[in-house]
Amino acid sequence: MTKVTFYRAQDGYTAVDLIGHAGYAEEGEDIVCAAISSSVQLIHVLLFDVQKIAVDTLIEDEGAHIRLTLPQDQVTEGQNAFRAFHLHLSELEENYSEFIHVTEVYNDAAD
């Protein structure tokens, strides 16, 4: 299962963590994993390349862990992208709840 945690502060979303493989099917055949991976790539391109937000990106192959963190001075600029990402993954969860779980944590830091 892929566990997705969105972190929020008063200003809005600050970070998102994605941990684990979906496990819907074998590697190369897993449509849930493919959808999640594609959406992560899209959100990164949107933030980093299109909006020019220097999003801090952590990728750990061990444990299939990805974290995207907005810089404190650009949290406002990244909100629409993070809202869309949250909505997209939540809709995936509605259809594939055995393979993806999305939560929000309200605090001032993602660590």
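Predicted model: local features only at pLDDT ≥ 70, side-chain atom pairs only at ≥ 80, totals over all residues.
Leaving aside residues up to four places away in sequence, His86 touches Phe6, Tyr13, Val102 and Glu104, where contact means heavy atoms within 4.5 Å. Residues are numbered from 1 along each chain as its sequence is written, and side-chain values use heavy atoms, with hydrogens and water left out.

His86 sits in helix H2, residues 79-95; helices are DSSP runs of H or I with at least four residues, strands are runs of E with at least two, and both are numbered from the N terminus. His86 counts as buried because its relative accessibility is 14%; the cut-offs are under 20% for buried, over 50% for exposed and partly exposed in between, with a 1.4 Å probe and protein chains only.

Consider next Phe6, whose contacts beyond four places in sequence include His86, Phe82, Phe85 and Leu89. The largest nonpolar core has 24 residues, and Phe6 and Leu89 touch the most other members. Such a core is a set of buried Ala, Val, Leu, Ile, Met, Phe, Trp, Tyr and Cys residues joined through side-chain atoms within 4.5 Å.

Finally, how do H1 and H2 lie relative to each other? They are roughly antiparallel, a term for angles over 145 degrees. Their axes come within 10 Å and cross at roughly 175°, the axes being lines fitted to C-alpha atoms over the stretch in contact and the angles running from 0 to 180 degrees between N-to-C directions. Among the contact residues are Ile36 and Val40 of H1 and Phe85 and Leu89 of H2.

Definitions and conventions. Parallel < 35°, antiparallel > 145°, perpendicular 65-115°, else oblique.
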